[in-house]
Amino acid sequence: MRPADLPLPASAAIPRPANSPGIGRRSVLAGFAGIGAAALLSGGAGTAAASTAHGARDGDTLLIEAFPDAETERLRLATTYRGSDFIATGRYAPAGAQISIRVKALDGVLPTLHIGTFDNHPDNADLLTPRAITLTQGVNTFSDTYGGPIHLRLPGHGERAQVTFVQGAVRMPTFVLGETTEDRFQQQLDTLTDSLYVELSSPHALVTVTRANFLPYRGEDHTRLMEIFEQVIASHADVAGLDGSSAPHRRKAGPYQFSEVPKVPAGVGAYATHYYNAFPPAYFDRLLTVQGLTTRGWGLYHELGHLHQQFAYRPSGLTEVSVNIYSLAAQHVLGQPSNLLVPDAASGLTPFQSALPKLGTPGLAFATSFGAYEKLVSLRQLELAFGTGLWPRLHRLIRTENPQSDWATQDALRWTNFAVYTSRVSGYDLTDFFVDRWAYPIDPEGLAALATLNLPKPPVDPATLSD
């Protein structure tokens, strides 16, 4: 499953994706310190006393620095979904509490404040998105009926703003990779009990969960846990060709957010949509544990992959297949065996063993003849034939050429794009592989586009390869 809507237009607020009430058809599981954001100022004034990506934990004032907003980054990366552009503050708004903050726009740009999390209650429309507070220069006083974690947004390019928490907000237990010691974090968990949420952060990750559901996992090594988050995110960035070789190919500004939700659709373990990946408490034995995230984290690798998928070559029939090129990369980086080498419980065959005998047989149809992992075999065969550099080259080419298609009417074009662009980056005509061997649904226009490339046949048939 995945959202039925197109990526959203830019907005200063945090809207729910269009045509997506409640959880809807989302993608599901079956500056400073690199993410721009906040430096702690001692005593509410003076020079920066410490550089931190995620805000105040021991002081009252944040110096925040703007970075490109989520939609700007989505357009640059050519992805389907927006990633997060939240700046964490280490603060929590108690329900109904009157909160005062002082804001100073050092470079003429004011931040927006957000209270709460996404999809926090499946039956209350008020809790489907964080509540946005438009801030003005000077003292701002407000309250929120429901309360929740406080985040800031400051879209821009390095502009600075100063935010001082004057009264009402309470500190939230927050672990920051490379800054917070485990002893200090455990002390926060014992003493900062007015906050109903806990956050874990690293340069590219922000994990936001309720205190009650976090506490059973408090005994983990949180330095190691957040290092694993960084490894997983870096593996996805590598597949996406985000090597920093030029401005279009730098990594996404802002962290990826992994948030708790109280409920997911029946049969779904987690999901992905604009701004965040969502996980219910039943997934926390993988989200919040070193062993679980390392050895059983496929669901998280998969959902994070959805935030890296590029729309131009993502037809509906590949959405839940091509996302797993990122999942396989995460498994490899973490030293885990590939899911493509795990035998099926019923047949005793690996996806390679069950898929390959079907190739090229009469009546074959990619959509209906193969299971999800068998379909993934086709993409792994392309890696085996042309190297893992195939996918980074594909991502970079898409960011450079930026091909467009209409969500509702041009699914066939995205099938064509996938076949044409992978042929281009491989340097070979892959018509036989896609059409004759795997029965990808490439229409006559797509076949003509492949023929126009006038590329040579590959020296080795990728469809014969296996791990």
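**Figure 1. The largest cavity of the predicted model.** About 70 Å³ of space lies in the largest cavity of this predicted model. Its lining is made up of Gln-309, Gln-310, Tyr-313, Arg-314, Ser-322, Ile-325, Tyr-326, Trp-391, Leu-394, His-395 and Phe-418. At least two of the lining residues come from α9, and at least two from α13. Helix α13 supplies the largest share of this lining, with 3 residues. Sorted by class, the cavity lining holds 6 nonpolar, 4 polar and 1 charged residues.

**Figure 2. The largest pocket.** The space in the largest pocket amounts to about 410 Å³. Two or more lining residues come from each of α4 (222-239), α9 (324-333), α12 (372-386) and α13 (390-401). The pocket has 18 lining residues, and those nearest its centre are Leu-328, Ala-329, His-332, Glu-383 and Thr-388. Helix α9 gives the most to the lining, namely 6 residues. The class count for the pocket lining is 8 nonpolar, 6 polar and 4 charged residues.

**Figure 3. The crossing of α12 and α13.** The axes of these two helices come within 9 Å and cross at roughly 105°. Angles of 65 to 115 degrees count as roughly perpendicular, so α12 is described as roughly perpendicular to α13. On the α12 side, the contact is made by Leu-379, Leu-382, Glu-383 and Phe-386. On the α13 side, Leu-390, Trp-391 and Arg-393 take part. By class, the residues of this contact are 5 nonpolar, no polar and 2 charged.

Figure 4. The buried residues of α7 are Trp-298, Gly-299, Leu-300, Tyr-301, His-302, Glu-303, Leu-304, Gly-305 and His-306. The cut-off for buried is a relative accessible area under 20%.

**Figure 5. Pro-441 and its contacts.** Pro-441 is found in the loop between α15 (431-437) and α16 (444-453). The relative accessible area of Pro-441 is 43%, so this residue is classed as partly exposed. With neighbours within four places in sequence left aside, Pro-441 is in contact with Phe-366 and Trp-415. Pro-441 and Ala-367 are 74 residues apart in sequence, and their C-alpha atoms are 8.2 Å apart in space.

**Figure 6. Ala-78, with a positive phi.** Ala-78 is not a glycine, but has a positive phi of about 60°. The residue lies in the loop between α1 (70-77) and β5 (87-93). Ala-78 has a relative accessible area of 13% and is therefore buried.

**Figure 7. Asn-402, with a positive phi.** Phi of Asn-402 is near 55°, a positive value in a residue other than glycine. Asn-402 belongs to the loop between α13 and α14 (411-426). With a relative accessible area of 39%, Asn-402 is partly exposed, whereas Ala-78 is buried.

Terms used. Residues are numbered from 1 along each chain as its sequence is written. This is a predicted model: local features need pLDDT of at least 70, side-chain atom pairs count only at pLDDT 80 or more; totals for chains, interfaces and linings use all residues. Side-chain values use heavy atoms; hydrogens and water are left out. Buried means under 20% relative accessible area, exposed over 50%, partly exposed in between (1.4 Å probe, protein chains only). Helices (H or I, at least four residues) and strands (E, at least two) are DSSP runs, numbered from the N terminus. On a 1 Å grid over the protein atoms alone, a cavity is a set of points where a 1.4 Å probe fits but cannot get out, and a pocket is an open set with protein on both sides within 12 Å along at least five of seven lines; lining residues have an atom within 4 Å of a point. Grid points are joined across faces, edges and corners, and a volume is the space filled by probe spheres set on the points. Ala, Val, Leu, Ile, Met, Phe, Trp, Tyr, Cys and Pro count as nonpolar, Asp, Glu, Lys and Arg as charged, and the others, Gly among them, as polar. Axes are lines fitted to C-alpha atoms, for helices over the stretch in contact, and angles run from 0 to 180 degrees between N-to-C directions. Angles under 35 degrees count as roughly parallel, over 145 as roughly antiparallel, 65 to 115 as roughly perpendicular and the rest as oblique. Contact means heavy atoms within 4.5 Å.
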